[in-house]
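Please read it with the model open.

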Amino acid sequence: MKRLDFVTEIPNLGKAKIKSPLKNARFVDESIPVTLMLTSGELTELDTDVLQKDFEKAGPREQVYFDTSKARCAVVTCGGICPGINDVIRAIVHEAHYHYGVRHVLGITNGLRGFIPKYGYDIKELTPETVSHIHQFGGTILGSSRGLQDPVEIVDSLERLNINILFVIGGDGAMRAARSIVNEISERKRNIAVIGIPKTIDNDINFITRSFGFDTAVEKAAEVIQCAHVEATGIDMGVGLVKLMGREAGFIAAQATLAMQEVNFLLVPEQPFTLAGPGGLLEAVETRLKERKHSIIVCAEGAGQDLLGGELERDPSGNPKLGDICGLIVSELEKYALSKDFEINIKFIDPSYLIRSVPANAGDRVYCGFLGQNAVHAAMAGKTAMVVSRLKSSMVHLPLDLVATERRRININSDWWASVMEATGQREYLK
């Protein structure tokens with residue numbers, strides 16, 4: 001098979017010569033990389049069965065690049081909200097202030113727009129006091145926005161504010177923006193570190209096997225599926241239809257399906273399906289209802305877009321503006337039941353914004369803490385053009401170029417997807 005190769009080396013602003021101010025830290029020896037065995041089942045980006053690769057380990061370095069007492073940091077949050085953003089902000093501020101002695105951490109408000117003078121947005125001073133309780137709330141205290149902004153204007157603002165380190169919390173679009181900011185900084189030969197913290201509720205960033213907030217989203221989605229099951233079983237010939245987030249990847253829907261083991265039909269963007277005809281969803285739901293008197297359908301929002309016809313428009317971040325696939329399913333099911341003269345009672349639930357706006361659960365909070373701490377460690381050591389993430393069981397540094405190339409999607413040939421299909425049993429109906 002063809003072997004996919006890629007660079008894992010992380011750029012440095014220069015040689016780190018200053019002794020770290022950290023006390024009793026477990027410093028990372030960069031001469032010993034983290035060697036990981038990756039499989040195509042774990043990472044859909046691989047076009048080989050197994051790939052062994054060395055990665056740079058995350059964590060504190062014995063020598064740092066910046067004089068931490070004089071360093072000035074900025075934090076910006078981009079794209080849609082998800083559980084845990086405030087936890088990451090809080091972890092960055094606490095690590096920078098209490099452990100490195102950084103006196104100034106600035107919060108850029110309303111995403112990358114906050115750098116652009118014409119919008120006139122204020123900048124927040126982030127201190128341990130201002131972030132002390134933010135982890136108890138969903139969303140982001142800094143606000144967010146979508147859409148491209150001029151990297152020249154952004155770097156102009158970084159220079160005016162005397163920023164040495166920029167933390168970018170966002171999805172694949174934000175990581176591409178961070179890469180363009182790095183390129184502009186390099187052209188100006190400025191020593192400004194840019195560190196990404198990947199954020200996507202859909203868990204669809206390239207090479208990021210777990211994004212923060214995903215576990216919380218799955219937990220809330222599972223609760224909604226349970227409600228749909230109660231509704232469907234509480235009435236004869238009941239169908240519970242749940243719409244979950246997932247524009248181009250159905251990870252939330254699939255993981256919540258595994259969690260509940262109550263779903264009969266799972267529809268995701270990665271797996272095409274048909275409505276009418278033999279082997280179509282309409283006939284399959286009819287068969288299921290006649291056998292068991294109820295049915296549960298979970299549909300990721302980006303599933304079945306080909307059935308709606310027309311070209312998809314894009315939002316300012318380049319994300320597709322999706323058609324109403326669940327509206328089509330409801331309409332077609334009702335028409336089909338009428339034509340076949342059988343009863344159907346559909347209960348439709350769309351909890352999208354409820355799921356993404358809640359505070360992080362305990363597991364995600366722990367992970368957010370690791371991400372914030374290790375992002376600061378990397379920045380102080382002079383790393384740049386990188387993101388911090390967990391890959392398998394290790395916290396590592398990944399180059400921006402690696403994560404900003406394309407979106408991660410479900411591998412429908414993996415053992416994990418086979419388990420999802422086994423949980424639903426839908427292959428018995430959808431031939």
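1. Basis of the note. The model is predicted, so local features need pLDDT of at least 70 and side-chain atom pairs count only at pLDDT 80 or more, while totals for chains, interfaces and linings use all residues. Residues are numbered from 1 along each chain as its sequence is written, and side-chain values use heavy atoms, with hydrogens and water left out.

2. Domains. The chain is divided into domain 1 (18-211 + 358-402) and domain 2 (214-357 + 413-428); these bounds come from an automatic or database domain assignment. Between the C-alpha centres of domain 1 and domain 2 the distance is 34 Å. To their contact, domain 1 gives 22 residues and domain 2 gives 21 residues, where contact means heavy atoms within 4.5 Å.

3. Area between the domains. The size of an interface is often given as the accessible area lost when the parts come together. For domain 1 and domain 2 the buried area is about 1800 Å², and carbon and sulfur atoms give 50% of that. Buried area here is the accessible area (1.4 Å probe) that two parts lose on being put together, summed over both.

4. Polar links between the domains. How many residue pairs are in polar contact between domain 1 and domain 2? The count is seven residue pairs, both residues at pLDDT 80 or more. On the side of domain 1 that touches domain 2, eight residues are nonpolar, eight polar and six charged. In this grouping Ala, Val, Leu, Ile, Met, Phe, Trp, Tyr, Cys and Pro count as nonpolar, Asp, Glu, Lys and Arg as charged, and the others, Gly among them, as polar. A polar contact is a pair of N or O atoms within 3.5 Å; within protein, one must be able to donate a hydrogen and the other to accept it, and residues adjacent in sequence count only if both atoms are side-chain atoms.

5. Salt bridges. The whole structure has 20 salt bridges, each a side-chain nitrogen of Lys or Arg within 4 Å of a carboxyl oxygen of Asp or Glu. Between domain 1 and domain 2 the count is one. Arg210 and Asp215 form a salt bridge, with their closest N and O atoms 3.3 Å apart. Arg210 counts as buried at 19% relative accessibility, and Asp215 is partly exposed at 31%. Buried means under 20% relative accessible area, exposed over 50%, and partly exposed in between (1.4 Å probe, protein chains only).

6. Other charged pairs. Glu56 and Arg61 form a salt bridge (3.7 Å, N to O), and both residues are buried. Arg179 and Asp401 form another (3.5 Å, N to O). Arg179 lies in helix H3 (residues 172-188) and Asp401 in helix H10 (residues 400-403), so this pair ties together parts that are 222 residues apart in sequence. Helices (H or I, at least four residues) and strands (E, at least two) are DSSP runs, numbered from the N terminus. A network of salt bridges links Asp156, Glu159, Glu184, Arg188 and Arg190.

7. Asp204. This residue lies in the loop between strand S9 (193-198) and helix H4 (214-233). Asp204 counts as buried because its relative accessibility is 3%. Its side chain makes a polar contact with that of Thr200 (2.7 Å). Leaving out residues up to four places away in sequence, Asp204 touches Ala249, Arg407 and Arg408.

8. Leu308. The loop between strand S12 (294-300) and strand S13 (313-314) holds Leu308, which counts as partly exposed at 30% relative accessibility. Beyond its neighbours within four places in sequence, Leu308 contacts Gly323, Asp324, Ile325 and Leu328.
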